[in-house]
Structures are given as structure tokens and as C-alpha cells.
Amino acid sequence: MSFEIIVFSRTAGFRHDSIGDGVRAVQWLGREHDFTVTATEDAGLFTPDRLAEVAAVVFLNTSGEVLDAAQQRAFESYIGNGGGYVGVHAAATTGYSWPFYGRLVGAYFVDHPEVQRATIRVEDHDHPATAHLGATWIRRDEWYNHRCSVRPAARVLLSVDEASYHGGTMGVDHPHAWCAEVAGGRSFYTAGGHTSESYDEPDFRTHLLGGIRWAAGGRSGVDDAPVAG
């Protein structure tokens, strides 16, 4: 079943060089898997009427305070009506002064070490964002430390093994990707996606695709089953 998503990449803080690569990757996924992608940095699209037309909104490496009060209210109402949210990497550096967004993303960013390889533990294979992965997933990225663990408020899909790299500060419980039902809608977040190379990785693209399809499922009726990237 075809549906539309918005990929929103406005920044009011740090701006990732990989934003364009991420947008192109999601556009490619849309062409391959029959959904429409509207890419924008225009917060003016956050109106009740426009949001009602889309199954999910992807916050792709957004940063800082990117929506005004009216736009925030429109997005809160959209989520309350079953809308989907997908946060990618720096989405966790967004909306620190917006309590609803804090609930939606699950955990805010604190800091990170240098880009390096690390081992990800796959905690849940019964989700379209992780069903394609083995027991572990080794990749190179920027590994966020968050203010807190999202357990038990969210369903943790991936966690990072801090023994496999330098600079982790969360200890044995370091969630990396998760999902939850929040305020009537669906929320999916992945901390991956700092590097441009991430968006060329087949496994990472499939991870994103599964998260998008799951988040969109609340409004689109799309099947949650895993699909090839």
C-alpha cells in the first residue's frame, strides 16, 4: 500500500554533512518500496491539514529548536491521531525545551567520542528494522551517549557493546535503537546515521526502511513484516 512521508532536516544547531546523503537514501527507499517522500527544511509544512496527509515524519539529523509553538501543537495533534515519528541520529539533539518531543524521541543526546567501529547487539529480531540482522552488527559510526536509558518505556531493538569501542559512558545498558507507542502514535529512533557512508550500507538502509514502515503503520496500514532493502 502506497503512502507519503515527510523527511524533515532543518537544523538550528550543528549541521551534519551527511544530511543530503540521508535524504537521497530515503528517497531511493521510497522509489523501491512504493511510498512518496517529501523532503523539506520548511517548518511551515507542520500544519494540521498537511500533516494529516502523511503516514510518518522523519526527523533526519535535525538539531536545536526547529518548530515554533503552533507547529509543535500541530505535530502533537498529528501524533495523537496515530501519526508516525522516525528520529535519525541527531534527532536526539532536537527540541530540548519541548517536553512532548522528549517523550517522543525517548532520550536526549549528551556527547559522543570520535567516529569508530563498534559492535551492536541485536536485542529484538521481531521488528522490521532488525529482522534482517544477525546476533551482532559491526559497523563504523558516531556512537551517541544519551542522558538515560529508554528502558522500560521503550522497546529496545539494538544496544551498543561499550567494550568494543572507546568513549561510551552509559555502561552495560546502552540502547542504540528503539521504538514505542507514544501519545497515540508510533515512535522509532535510531542513533546511527552520522556518516555519509552509513546511507550506502545495505543493512543500514534496510534498518531505516523497517523503522519507517513500522512508524507509518499506524496510519497507512502497511504491513510490519520485514522487507529487503
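**Salt bridges, backbone angles and strand pairing**

Q: Which residue forms a salt bridge with E123?
A: A salt bridge here is a side-chain nitrogen of Lys or Arg within 4 Å of a carboxyl oxygen of Asp or Glu. Side chains of opposite charge can pair when their charged atoms come close. In this predicted model, the closest N and O atoms are 2.7 Å apart, and the partner of E123 is R151.

Q: How many residues apart are E123 and R151?
A: Helices (H or I, at least four residues) and strands (E, at least two) are DSSP runs, numbered from the N terminus. E123 belongs to the loop between β6 (116–122) and β7 (136–141), and R151 to the loop between β8 and β9. The pair thus links distant parts of the chain, and the separation is 28 residues.

Q: Which pLDDT do side-chain atom pairs need in order to count?
A: Residues are numbered from 1 along each chain as its sequence is written, and side-chain values use heavy atoms, with hydrogens and water left out. The model is predicted: local features need pLDDT of at least 70, totals for chains, interfaces and linings use all residues, and side-chain atom pairs count only at pLDDT 80 or more.

Q: Is R50 buried or exposed?
A: Buried means under 20% relative accessible area, exposed over 50%, and partly exposed in between (1.4 Å probe, protein chains only). E53, a salt-bridge partner of R50 at 2.7 Å, is exposed because its relative accessibility is 51%. R50 itself has 19%, so R50 counts as buried.

Q: Which strand holds E4, the residue that meets R50 in a salt bridge?
A: The side chains of R50 and E4 come to 2.5 Å, N to O. This pair links distant parts of the chain, 46 residues apart: R50 is in helix α2 (residues 48–51), and E4 is in strand β1 (residues 3–8). E4 has a relative accessible area of 18%, so E4 is buried. The strand that holds E4 is β1.

Q: What is the omega of the cis peptide bond between R151 and P152?
A: Most residues other than glycine have a negative phi, and most peptide bonds are trans. P152 lies in the loop between β8 (145–146) and β9 (155–161). The bond that joins R151 to P152 is cis, with an omega of about -5°.

Q: What is the phi of N61?
A: N61 is found in the loop between β3 (56–60) and α3 (69–80). N61 is buried because its relative accessibility is 0%. N61 is not a glycine, yet its phi is positive, about 55°.

Q: What is the phi of D34?
A: D34 sits in the loop between α1 (19–33) and β2 (35–40). Its relative accessible area is 47%, so D34 is partly exposed. Although D34 is not a glycine, its phi is positive, about 65°.

Q: Which residue is the bridge partner of V182 in β11?
A: Two strands pair if DSSP finds at least two bridges between them. β10 and strand β11 (residues 185–190) pair in the antiparallel sense over six bridges. The two form a hairpin with two residues between them, and A183 in the turn has a positive phi of about 55°. In β11, the partner of V182 is G185.

Q: Which residue in β10 stands opposite L158?
A: β10 (residues 175–182) is largely enclosed by the rest of the structure, because seven of its eight residues are buried. β9 and β10 pair in the antiparallel sense over four bridges. The residue of β10 opposite L158 is A177.
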